[in-house]
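Here are my notes on this model. Please read them with the structure open.

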Amino acid sequence: QGNCLTINSDEHSIGRNSGIFWALLQSSLFFGNLYIYFAWQGKTQISESDRRTVFIALTVISLVGTVLFFLIRKPDSENVLGEDESSDDQDMEVNEHWVFYKLKACGNPASSLPRTI
């Protein structure tokens, strides 16, 4: 879910989309438990028909969610969060800093070579 949110959001909509996802998740927990509370209130044993009803309802909800998953739009390559035109420049800059760090941490490789002159 996080990958889908990131791909289909930009820096302006990521908070809103995350909030919607969180609200849907919490409401599913609340309404599912609310149904069970009222439907099974006062029962000491759960009948086969009650189990079947819950199983069928959850299966239908899962199938609807699966169908909706396949209807998610494909993201535009230019609107993907975290990717911009300067990413190649940033990668090159990181690589340059890493090489400098390795040279400094390991010492100057030229100073460790034996002198032949």
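The points below take the model region by region.

1. Basis. This is a predicted model, in which local features need pLDDT of at least 70, side-chain atom pairs count only at pLDDT 80 or more, and totals for chains, interfaces and linings use all residues. Residues are numbered from 1 along each chain as its sequence is written, and side-chain values use heavy atoms, with hydrogens and water left out.

2. Ser-9. This residue sits in the loop between helix H1 (2-7) and helix H2 (14-39). Helices are DSSP runs of H or I, at least four residues, numbered from the N terminus. Ser-9 is buried, at 2% relative accessible area (buried is under 20%, exposed over 50%, partly exposed in between; 1.4 Å probe, protein chains only). Its side chain makes a polar contact with that of Asn-17, at 2.7 Å (a pair of N or O atoms within 3.5 Å; within protein, one must be able to donate a hydrogen and the other to accept it, and residues adjacent in sequence count only if both atoms are side-chain atoms).

3. Annotated spans. An unreviewed UniProt entry marks residues 20-40 and 52-72 as "transmembrane region"; such annotations may be inferred rather than shown by experiment. Residues 20-40 are 95% helix, with end C-alpha atoms 30 Å apart. Residues 52-72 are 90% helix, and their end C-alpha atoms lie 31 Å apart.

4. Salt bridge. The whole structure has 1 (a side-chain nitrogen of Lys or Arg within 4 Å of a carboxyl oxygen of Asp or Glu). Lys-43 pairs with Asp-50, with the closest N and O atoms 2.3 Å apart. Lys-43 is partly exposed at 40%, whereas Asp-50 is buried at 16%.

Notes. Helix = DSSP H or I, 4+ residues; strand = E, 2+ residues; numbered from the N terminus.
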